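Colleague: Could you walk me through this model, starting with a spot in the backbone and moving on to the sheets and the rings? I'd like the cut-offs spelled out as we go.

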Amino acid sequence: MASHFATNDNQYERLSRSNYKPQSARRGRRGGSGGHRGSRTGLVIGLVIVAIVAACGACAFQLYRSATTAKAHAEGMVTRLSTLKDAVKNGDADALNASVAAIVDEADALNAEVTSPLWKFAANLPVVGEDVRTVQTLGSASSALVNDALVPIAQSVSGKRFSDIMHDGSFDVETISAVAAAVDKAAPAVDAMLDTIDSLPPAHLPQLASAIDKVKAQTAQVRDGLAKAKPMLDLLPQMLGANGQTRTYLVIAQNNAELRSTGGLPGSWGTVTIDDGTLTMGDFATILHEPGLKVDITDEERHAMATNMDTDPAQVNCDPDFVRVGELARDYWAQAGRGDVDGVIAIDPVFLQRLVALTGPITAPDGEVLDGANTARALLSDVYWKYGDSGDAQDAYFASVAELAFKSVLSNLGNADIQDLKDVYQKSAADGRLLVWMSDQGEERAMQELGVAGGLSTDPAKPVLGVYLNDDSYSKLSWYTQAGTAIDGGTMNADGTTTYNVTTTLANTITPEEAASAPIYVYGGNSDKRDNSDMLHFVYFVAPAGGTISNFSASDGLIFTDYGVNQATLSGLQFIRVRTHLRSGESGTFTYQVTVPAEATQSLALRTTQLAQESLMANSVATGAAG
């Protein structure tokens, strides 16, 4: 297969320096003015005007033909860009080379066409000349983007499939560094060309105006994509242990069958060590409930969460701010004598199941085959019915499966379809099933840009309502939790603020028969439970930055007797804490209003705890501007 990936670097150099002769220069002919001397000035002027009109007519015909050719080259570029995306997606080196070469051809031919003498002449014509100059700018910008950015970046990955860059639990740090260097080198040229395109004046011709709008929209996407990718590319080599570094990351498997704000009980902890791209997976273990551990939390955190998250790692992610969770988890791991880590990665079985669907099934220690459809259920429900009240057996099974799955995923990830992998990453980052904290501030900022940092939103322009669940049954009843938050379209107030009507509904889906036959490990040992099915939760509501939660009420019987509604703050944000209970088949609803500040430029968004069963999540956020 090696010859399949071979590339001729001179191919790109030759194409990027190709010099096309404009067809219009060979075809175009200017008409001449004819006439004779006469005594009447008006006759002379009339004859000159006729001659100019005739000449422009000839030019117009030639320009039309040339414009048709230019349009064909532009369309060819668009077509080739589509095949380029497919080549990158499929890791097809030959197709990648062919697509880049064809794009270079089309871009250079387009630029040559619109910079011919005919176009230069047309650029000086009144009114239409400005549109001609716009087309010329687009032609030169396209050629520069292709030759100064696309070609060197394509060369940096030429001959490589994704499976070559990541295979057998290792990363090709050399190739990743080469891509990062190529992007870094191309970035100034790309920015300059994108700025040039953005500054193009409005076109006079409707067809050109429409085309320019489309180009500018694509330009914005390119700029946004580069802004997100470049910081990560710059940092990725060092994060993968390049240049003799050794990086160690703590991986926490969150168990959504016992909910916590950021996902679930942080039951299994393990490390991944990376040295020059080579990954070494440590054993998964637990440090929950170990005596003598204590981390520093703020008085605000202590008052808001009302848990012992500073002395028991089992409660560390009751805090919905994963930035703080990462810091505290690092401190707990070090205090437990397990060493220092450079970052903390939290995943849950649903995210793991999504990856298993891409990389292939695994076989659990008991022989059960886990795949992209049953992995989450096996880890979050079946294990507890299978091993009854044997906590040690359950923990061992969970830890071993999590470790096996993680190792299998890392070993086979390179064989996954790139687009499918991107989809899994984006979905898991968006719904909070993949969270990452980094101790290095630059790397942490990159995680924020990538949407996996999981911090509380403090930007009034982008308001986010937080609704978080924490199990208080001491159980695995959260597998049966159904929850949803619905936000309406909002109403703008006279002072510029916007108020949204919100409802949050909880339900207990366990059947009486299941509750009656469940082991205590499933139904829980909290003495406040009224029967085996009783499901207890702490629920946190966090107002958006600069906003408030008001008119808060709950349906009868939902809030635990005498507990009430507790008000606090967290990171300066309004924080409401309640304690709920629901028996089998029962449901309850919170109704309240959320007001966002006048500075808000986006509609109210929702961040909430991810449930064990995706099918039981019922969130709804209305779209459209409030007014």
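Colleague: Is D276 buried, partly exposed or exposed?

Modeller: D276 is partly exposed, with a relative accessible area of 45%, where buried means under 20% relative accessible area, exposed over 50%, and partly exposed in between, for a 1.4 Å probe and protein chains only. This is a predicted model, in which local features need pLDDT of at least 70 and side-chain atom pairs count only at pLDDT 80 or more, while totals for chains, interfaces and linings use all residues. Residues are numbered from 1 along each chain as its sequence is written, and side-chain values use heavy atoms, with hydrogens and water left out.

Colleague: And where does D276 sit, and what is its phi?

Modeller: D276 belongs to the loop between β4 (263-275) and β5 (278-281), and its phi is near 50 degrees, a positive value in a residue other than glycine. Strands (E, at least two residues) and helices (H or I, at least four) are DSSP runs, numbered from the N terminus.

Colleague: Changing topic, how many helices and strands does the chain have?

Modeller: The chain has 18 helices and 20 strands, and buried residues make up 48% of its 627 residues. If contact is taken as heavy atoms within 4.5 Å, then among contacts between residues at least 6 apart in sequence, 74% join residues at least 24 apart.

Colleague: Why would you call strand β6 largely enclosed?

Modeller: Because four of the five residues of β6 (residues 343-347) are buried, the strand is largely enclosed by the rest of the structure.

Colleague: Which strands does β6 pair with?

Modeller: Two strands pair if DSSP finds at least two bridges between them. Strand β3 (residues 246-260) runs parallel to β6 and is joined to it by five bridges, with I345 of β6 as the bridge partner of V251. Strand β9 (residues 434-438) is antiparallel to β6, again with five bridges, and here I347 stands opposite L434 in β9.

Colleague: What about the open sheet, in which order do its strands come?

Modeller: Five strands form that open sheet in the order β16-β17-β14-β10-β19, with mixed pairing. Its edge strands are β16 (566-570) and β19 (605-608), each of which pairs on one side only. Neighbouring strands are turned by 25 degrees against each other on average, direction ignored; the axes are lines fitted to C-alpha atoms (for helices over the stretch in contact), and angles run from 0 to 180 degrees between N-to-C directions.

Colleague: How do β10 and β14 pair inside it?

Modeller: Strand β10 (residues 464-471) and β14 pair in the antiparallel sense over six bridges, and N470 stands opposite F538 in β14.

Colleague: On to the rings, how many aromatic pairs are there?

Modeller: Rings of Phe, Tyr and Trp (its six-membered ring) pair if their centres lie within 6.5 Å, with planes under 30 degrees apart counted as stacked, over 60 as edge-to-face and the rest as tilted. By this rule the count comes to ten aromatic pairs. In one of them, F541 and F552, the ring centres are 4.9 Å apart and the planes are at 75 degrees, so the pair is edge-to-face. That pair links distant parts of the chain, with F541 in strand β14 (residues 535-542) and F552 in strand β15 (residues 548-554), eleven residues apart.

Colleague: Are those two buried or exposed?

Modeller: F541 is buried at a relative accessible area of 0%, and F552 counts as buried at 18%. Ring pairs also link F541, F552, F590 and Y592 into a cluster.

Colleague: Which charged ends sit over rings?

Modeller: A charge sits over a ring if NZ of Lys or CZ of Arg is within 6 Å of the ring centre and within 35 degrees of the ring normal. The charged end of R338 sits over the ring of W333, 5.4 Å from its centre, and that of R579 sits over the ring of F560, 4.3 Å from its centre.
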